[in-house]
Amino acid sequence: MADGVQELELQPGGTNGVINGVPTQKFKHYRWWFRVAVYIIFLISGQATATLLGRLYYDKGGNSKWISTFVQSAGFPILIPLLLFFQPTTTSSAASPPPTTTTLLLLYLFFGLILTGDNLMYSYGLQYLPVSTYSLLCATQLGFNAVFSFLFNSQKFTSLIINSLFLLTISATLLAVHSDSDNPSKISKAKYIIGFLCTLGASATYSLYLSFLQLSFQKVIKSENFRVVLELQIYPSFIATCGCVVGLFASGEWDTLKKEGRDYEKGSVSYIMTLTWIAIAWQICSIGILGLIFEVSSLFSNVISTLGLPVVPVLAVVFFGDKMDGVKAISLILAIWGSGSYVYQHYLDDLKLKNDMKTRILVSANEASHNV
């Protein structure tokens with residue numbers, strides 16, 4: 001999520017790796033770093049795998065945008081065992097009662113519908129753009145994140161965030177004006193523009209989704225535990241999956257799936273396995289996202305997700321033969337630079353927060369000693 005100052009931190013019992021000055025916490029601190037490293041690997045590997053397999057699906061004969069949208073959320077059942085493992089906690093007080101069932105259902109429905117539209121736009125982008133261009137455009141997510149956090153989460157614009165916005169905007173603009181040489185010959189100019197706009201729209205929508213998610217944690221749910229995070233992944237994913245099923249039937253694509261699988265370049269078994277592994281890869285990515293939200297913060301999770309995007313263009317050059325010419329290389333460098341600027345601002349905010357906490361602890365200790 002995108003709040004560099006008032007970020008939402010979900011802490012597992014107070015041992016989320018923040019050093020509190022007690023030597024006995026050192027071993028727990030190392031364990032925390034190990035868990036964070038594992039979640040980062042899950043996020044980056046799942047995201048890269050799902051994106052590349054999604055492009056493979058289209059390259060080898062797949063053409064259904066709704067089935068591509070469907071697999072982005074349909075793998076949620078593999079998270080249900082985790083939901084059963086983490087039991088509900090009752091941390092709400094009389095001053096902040098838990099939300100009603102109706103409120104939660106409306107919240108899940110709202111987020112599920114947002115995910116449906118967002119995933120559909122991503123599917124259009126992945127179909128009509130080279131995978132390297134698609135991934136670089138997704139890096140604009142951080143820029144949109146900063147804007148929506150300013151509007152909804154009280155984030156302040158600093159020189160580093162403004163620098164990040166500027167660099168990410170220039171990166172996307174370079175790709176836009178470079179469309180003629182980047183456009184695959186089999187994709188028309190109109191479809192390329194649709195893919196470009198849909199990817200930008202999906203990045204903006206996902207950033208808006210994260211800002212609304214943070215508002216929900218702070219204003220509605222008012223609970224910070226891993227089960228709540230899981231519920232906000234599983235139930236909206238269920239709604240999004242149902243929305244995709246409706247879209248499959250309403251668009252008539254359901255009737256073409258059998259022929260599409262039969263005509264798939266690598267065979268029907270490969271067709272099924274490609275879609276299955278896309279669904280699994282997205283859920284592996286989701287586990288990484290949820291773990292980082294729980295162990296560190298939602299902002300950190302989103303930053304790592306964006307920093308992992310440059311991995312995909314490099315792999316796309318290797319596996320899909322995408323061109324990495326000078327303009328796209330410059331765009332990649334600007335995207336990394338802009339993301340790094342955003343990350344450094346987050347580091348400075350976190351450092352300031354820790355120093356303020358240490359100062360308050362020292363002041364409290366001094367006052368206690370004087371009282372004695």
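Biologist: What is Y209 in contact with, leaving aside its neighbours within four places in sequence?
Modeller: F111, I114, L115 and L232. Keep in mind that this is a predicted model.

Biologist: Which residues touch the most other members of the largest nonpolar core?
Modeller: Y209 is one of them.

Biologist: What other core lies apart from it?
Modeller: One of 11 residues. Its members include A139, L142, I161 and L165.

Biologist: Which lining residues are the closest to its centre?
Modeller: N119, Y206, W282, C285 and I289. The lining of this largest cavity counts 39 residues.

Biologist: Which elements give two or more residues to that lining?
Modeller: Helix 1, helix 4 (101-128), helix 5, helix 9 (189-221), helix 10 (226-251), helix 12 and helix 13 (298-307). Helix 12 gives the most, seven residues.

Biologist: How does the lining divide into nonpolar, polar and charged?
Modeller: 23 nonpolar, 15 polar and one charged.

Biologist: Back to helix 5. Is it mostly covered or mostly open?
Modeller: Mostly covered. Helix 5 spans residues 131-138, and eight of its eight residues are buried. Those are V131, S132, T133, Y134, S135, L136, L137 and C138.

Biologist: Now T51. Where is it found?
Modeller: In helix 1, which runs over residues 26-59.

Biologist: Why does T51 count as buried?
Modeller: Because its relative accessibility is 5%, and buried means under 20%.

Biologist: What does T51 touch, not counting residues up to four places away in sequence?
Modeller: L126, V131, Y134, S135, W282 and V312. V131, Y134 and S135 are buried residues of helix 5. W282 also turns up among the residues closest to the centre of the largest cavity.

Biologist: Zooming out, what does the secondary structure of the chain come to?
Modeller: 15 helices and zero strands.

Biologist: How much of the chain counts as buried?
Modeller: 49% of the 372 residues.

Biologist: Last one. Among contacts between residues at least 6 apart in sequence, how many join residues at least 24 apart?
Modeller: 85% of them.

Definitions and conventions: Residues are numbered from 1 along each chain as its sequence is written. This is a predicted model: local features need pLDDT of at least 70, side-chain atom pairs count only at pLDDT 80 or more; totals for chains, interfaces and linings use all residues. Side-chain values use heavy atoms; hydrogens and water are left out. Helices (H or I, at least four residues) and strands (E, at least two) are DSSP runs, numbered from the N terminus. Buried means under 20% relative accessible area, exposed over 50%, partly exposed in between (1.4 Å probe, protein chains only). Contact means heavy atoms within 4.5 Å. A nonpolar core is a set of buried Ala, Val, Leu, Ile, Met, Phe, Trp, Tyr and Cys residues joined through side-chain atoms within 4.5 Å. On a 1 Å grid over the protein atoms alone, a cavity is a set of points where a 1.4 Å probe fits but cannot get out, and a pocket is an open set with protein on both sides within 12 Å along at least five of seven lines; lining residues have an atom within 4 Å of a point. Ala, Val, Leu, Ile, Met, Phe, Trp, Tyr, Cys and Pro count as nonpolar, Asp, Glu, Lys and Arg as charged, and the others, Gly among them, as polar.
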